[in-house]
Amino acid sequence: MELVMNVSDIQRCYQCGTCTGDCPVAWVNEEFNPRRIVLSLQVNGQDLGNEAYWLCAMCFKCLRCPRDVKPVEIFSELRKMAISGGVENVGTKLVKAFVDVVKEYGRLVETKFMLKFMGIESIKMLPPSIAFKMWRNGKVSISAKKSECAEEVRKIFEVCENA
Ligand code: SF4
Ligand code: SF4
């Protein structure tokens, strides 16, 4: 699949690094560097399996780009392409798990989401004392009750999927 929408945007980048300097994710995670990712897109084209595209927090802090490249929109487009292209990686799996749960229950049920996304390992990773505190404070529920609006939510998905 070719990247069509943002090719001219990508080629405008002159590697000043302003986006990386403004990016809160890049401050804490050296695997994510918007400037380098844009350079790689210029030179090598997109790699839809690249999990770094999913590290963008969509915070829109990188709009100070002097060349109006908008890395955030590029990442958003690449993610959409990965999903519609059937790519399987941590990002597309996360989105699928989230959508499946919200579609079924009309809301996010954290335990179901964790199980779908990471399997039983996710439950084992959570120390029992923390799990208990989360349960007591209503952060996770053992019963997975559907939202009263579940049917409306399902219809919204149906309309979006057929749009
Ligand atoms: S701020 Fe814009 S021009 Fe500068 S590196 Fe980032 S995308 Fe490229
Ligand atoms: S939108 Fe993404 S790339 Fe831009 S500053 Fe935020 S996390 Fe970084």
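Modeller: Helices (H or I, at least four residues) and strands (E, at least two) are DSSP runs, numbered from the N terminus.

Biologist: How many helices and strands does the protein have, then?

Modeller: The protein has 10 helices and 0 strands. This is a predicted model, where local features need pLDDT of at least 70, side-chain atom pairs count only at pLDDT 80 or more, and totals for chains, interfaces and linings use all residues. Residues are numbered from 1 along each chain as its sequence is written, chains are lettered from A and ligands numbered from 1 in the order in which they are written, and side-chain values use heavy atoms, with hydrogens and water left out.

Biologist: What box do the C-alpha atoms fill?

Modeller: Roughly 55 × 40 × 25 Å, taken along the principal axes.

Biologist: What share of the residues is buried?

Modeller: Buried residues make up 33% of the 163 residues. Buried means under 20% relative accessible area, exposed means over 50%, and partly exposed is in between (1.4 Å probe, protein chains only).

Biologist: And what part of the contacts links residues 24 or more positions apart?

Modeller: Among contacts with a separation of 6 or more, such pairs account for 59%. Contact means heavy atoms within 4.5 Å.

Biologist: On to the ligands. Which residues are closest to ligand 1?

Modeller: Cys13, Cys16, Gly17, Cys19 and Cys65 are the closest of the 13 residues that surround ligand 1. A residue is near a molecule if one of its heavy atoms lies within 4 Å of it.

Biologist: What classes are in that shell around ligand 1?

Modeller: There are 8 nonpolar, 3 polar and 2 charged residues around ligand 1. Ala, Val, Leu, Ile, Met, Phe, Trp, Tyr, Cys and Pro count as nonpolar, Asp, Glu, Lys and Arg as charged, and the others, Gly among them, as polar.

Biologist: Which residues come nearest to ligand 2?

Modeller: Cys23, Cys56, Ala57, Cys59 and Cys62, out of 14 around ligand 2. That shell divides into 13 nonpolar, no polar and 1 charged. Helices H3 and H5 each supply at least two of its residues.

Biologist: Where is H5, and what is its reach?

Modeller: H5 covers residues 71–84, 14 residues in total. From first C-alpha to last, H5 reaches 20 Å, close to the 20 Å expected at 1.5 Å a residue. The expected span is 1.5 Å times one less than the number of residues.

Biologist: Which H5 residues are buried?

Modeller: Pro71, Val72, Ile74, Phe75, Glu77, Leu78, Arg79, Met81 and Ala82. An α-helix has 3.6 residues a turn, so residues three or four places apart point the same way.

Biologist: What about the largest nonpolar core?

Modeller: It has 24 residues, and Phe32, Ile37, Leu41, Tyr53, Ile74, Phe75 and Leu78 have the most contacts inside it. H3 (24–28), H4 (34–44) and H5 are the elements giving two or more residues to this core. H5 gives the most, with 6 residues. A nonpolar core is a set of buried Ala, Val, Leu, Ile, Met, Phe, Trp, Tyr and Cys residues joined through side-chain atoms within 4.5 Å.

Biologist: What does Ile37 touch?

Modeller: Phe32, Ala52, Tyr53 and Phe75, not counting residues up to four places away in sequence.

Biologist: New topic: Thr92. Buried or exposed?

Modeller: Thr92 counts as buried because its relative accessibility is 9%. Thr92 sits in helix H6 (residues 90–105). Its side chain reaches the backbone nitrogen of Asn89 at 2.9 Å. Thr92 also touches Trp54, Ala82, Ile83 and Val87, leaving out residues up to four places away in sequence.

Biologist: Which way does phi go at Phe60, positive or negative?

Modeller: Positive, near 65°, in a residue other than glycine. Most residues other than glycine have a negative phi. Phe60 lies in the loop between H4 and H5. Phe60 counts as partly exposed because its relative accessibility is 45%.

Biologist: And what is phi at Asp68?

Modeller: About 55°, again positive, although Asp68 is not a glycine. Asp68 is in the loop between H4 and H5. With a relative accessible area of 41%, Asp68 is partly exposed.

Biologist: Last one: where is Asn137?

Modeller: Asn137 is in the loop between H9 (128–136) and H10 (150–162). At 52% relative accessibility, Asn137 counts as exposed. The C-alpha atoms of Asn137 and Arg36 are separated by 42 Å.

Methods: Polar contact = N/O pair within 3.5 Å; in protein donor to acceptor, adjacent residues only side chain to side chain.
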